[in-house]
Amino acid sequence: MLHKFNLRTKEVYGEQFLARCTIFRWCQRYEAGCVNIKDLPRPGQAHVVTNSATTSAVNELIRQTRRITPREIAVELLISKGTVHHTIHKKLGYGKVCAQWVPKHLSENQKTARMGVCLTQQFLH
């Protein structure tokens, strides 16, 4: 009965069908207390390599053109899009607002300047 179920399931899902031994191994790990679903690092698995030169180059490109895309940065600097994404979000702390890169955390001077602009201009009139 189980064999027929496996054959039918394999017909539906094709090569993406999990073998019974894989399912049993996952169940054993869960019962042993391993509930982490993140993929553990393996040899040969890609990792992000950034250095200060790459970080400063990405930062300089963003400061020159706030509307630049990560793909354009990757092409310009000959690095992967994953490295660009990691550098922008994790190292530099930028986020996209209205298709422009802006720092997530403003300095005190930037906060004061923005407050002054808001108090002197009427945005909704």
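This is a predicted model: local features need pLDDT of at least 70, side-chain atom pairs count only at pLDDT 80 or more; totals for chains, interfaces and linings use all residues.
The chain contains six helices and two strands. Along the sequence, these elements follow the pattern α-α-α-α-α-β-β-α. The chain has 125 residues, of which 16% count as buried. Contacts between residues at least 6 apart in sequence were also examined; 47% of them join residues at least 24 apart.

At the start of the helix, Asn51 makes a polar approach to the backbone: a side-chain oxygen of Asn51 lies within 3.2 Å of the backbone nitrogen of Ala53.

Burial along H3 is one-sided. The buried residues are Thr54, Thr55, Val58, Asn59, Leu61 and Ile62. Viewed down the axis of H3, these residues fall within an arc of 160 degrees, and therefore line one face of the helix. On the other side of H3, Ser52, Arg63 and Gln64 are exposed. The cover over the buried residues of H3 comes from several elements. Two helices are among them, H4 (70-77) and H5 (81-91). Strands E1 (94-97) and E2 (100-103) also contribute to this cover.

A search of the whole structure returns one salt bridge. Its partners are the side chains of Glu108 and Lys111, with an N to O distance of 3.7 Å. An α-helix has 3.6 residues a turn, so residues three or four places apart point the same way. The accessibility of the two partners was also computed. Glu108 has 56% relative accessibility and therefore counts as exposed, the cut-off being over 50%. Lys111, at 43% relative accessibility, counts as partly exposed.

How values were computed. Residues are numbered from 1 along each chain as its sequence is written. Side-chain values use heavy atoms; hydrogens and water are left out. Buried means under 20% relative accessible area, exposed over 50%, partly exposed in between (1.4 Å probe, protein chains only). Helices (H or I, at least four residues) and strands (E, at least two) are DSSP runs, numbered from the N terminus. The arc is that of the directions from the helix axis to the C-beta atoms. Contact means heavy atoms within 4.5 Å. A polar contact is a pair of N or O atoms within 3.5 Å; within protein, one must be able to donate a hydrogen and the other to accept it, and residues adjacent in sequence count only if both atoms are side-chain atoms. A salt bridge is a side-chain nitrogen of Lys or Arg within 4 Å of a carboxyl oxygen of Asp or Glu.
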